[in-house]
Amino acid sequence: MAVLPILKWPDPRLSQGCAPVAHEPLDALIADLFETMYAAQGRGLAAPQVGVLKRVFVMDCGWKDGDPTPLAMINPTIMAAERVPVLADEGCLSLPGIVVAVERHKAVTVQWTAPEGDIHMADFDECEARCIQHEFDHLNGMVTLERIAPDLRARLERAYLEGPRA
Ligand code: ZN
C-alpha cells in the first residue's frame, strides 16, 4: 500500500471522463486509494484524483467520528434519486482551500461492483449520498466548481488560481 500524490485542479486529468473497468485486478489500487484518502483526512477519493482514469472510488463517511464504514465502488451507477435538493458545504482533496455549498439530491440508489466482484445495490442518504454524488462527478470529469453559480465560480477560481496552493 502507498500514499499516492493527489492531483490538484486544474490538472486536465480531473476534467476527463473515466472508462468503465473491465475484469482486472483492482485490489492494489483500492488499497492505495483508501490509504491516500485517510492520510489526507478525506471522506472520499476517486481514482482519477490519483491519475487513474477508471470508474472506481472509495469512501468512508464515518471514520472521523470513530465509526468507520469503508466502501469501494467499481463502475457505480446512480439508478434512482430522491430529487429533493439539499445544499451543504463540500470540500475536495483536489481543490485545497475551497469549501463551497453544493446542491445534491437528498438520497440515491446506487448499483456498483464490489472489489470481490459481486454486484450490489443499496440506498444512501445523508453524508453518504452526498459523498457518492461528489465522487461520481469525479468519474465524469467534474469538480464542485461546475456545480455552483457561474459568478461565484469565477470569483473562487480567480482566488484559487492566484493564491498559494497546497
Ligand atoms: Zn473531490
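**Figure 1. Meet the disulfide of Cys61 and Cys127, whose sulfur atoms sit 2.5 Å apart.** This view, like the others here, comes from a predicted model. The link is left-handed, with -80° about the S-S bond. Cys61 belongs to the loop between strand 2 (56-59) and strand 3, while Cys127 belongs to helix 2, so the bond ties together parts that are 66 residues apart in sequence. Cys61 counts as buried at 8% relative accessibility, whereas Cys127, at 33%, counts as partly exposed. The structure holds one disulfide.

**Figure 2. Here we look at Cys18 and the cysteine with the closest sulfur, Cys92.** The two sulfur atoms are 13 Å apart, which is too far for a bond. Cys18 is buried, at 8% relative accessibility. Cys92 is buried as well, with a relative accessible area of 9%.

**Figure 3. Next comes the largest pocket, with about 340 Å³ of space.** Its lining is made up of 17 residues, and those nearest the centre are Arg43, Gly44, Glu90, Gly91 and Cys92. Strand 3 (71-90) and helix 2 (126-139) each contribute at least two lining residues. Helix 2 gives the largest share, six residues. Sorted by class, the lining holds four nonpolar, seven polar and six charged residues.

**Figure 4. Our last stop is the second largest pocket, with a volume of about 180 Å³.** Of its 13 lining residues, Ala22, His23, Glu24, Ile74 and Thr113 are the closest to the centre. The lining of this pocket has seven nonpolar, four polar and two charged residues.

Key. Residues numbered from 1 in each chain as written. Predicted model: local features only at pLDDT ≥ 70, side-chain atom pairs only at ≥ 80, totals over all residues. Heavy atoms only, no water. 1 Å grid on protein atoms, 1.4 Å probe; cavity = no way out; pocket = protein on both sides within 12 Å on 5 of 7 lines; lining within 4 Å. Points joined across faces, edges and corners; volume = space filled by probe spheres on them. Helix = DSSP H or I, 4+ residues; strand = E, 2+ residues; numbered from the N terminus. Nonpolar A, V, L, I, M, F, W, Y, C, P; charged D, E, K, R; others polar. Disulfide = S-S within 2.5 Å. Buried < 20%, exposed > 50% of the residue type's maximum accessible area, 1.4 Å probe, protein only.
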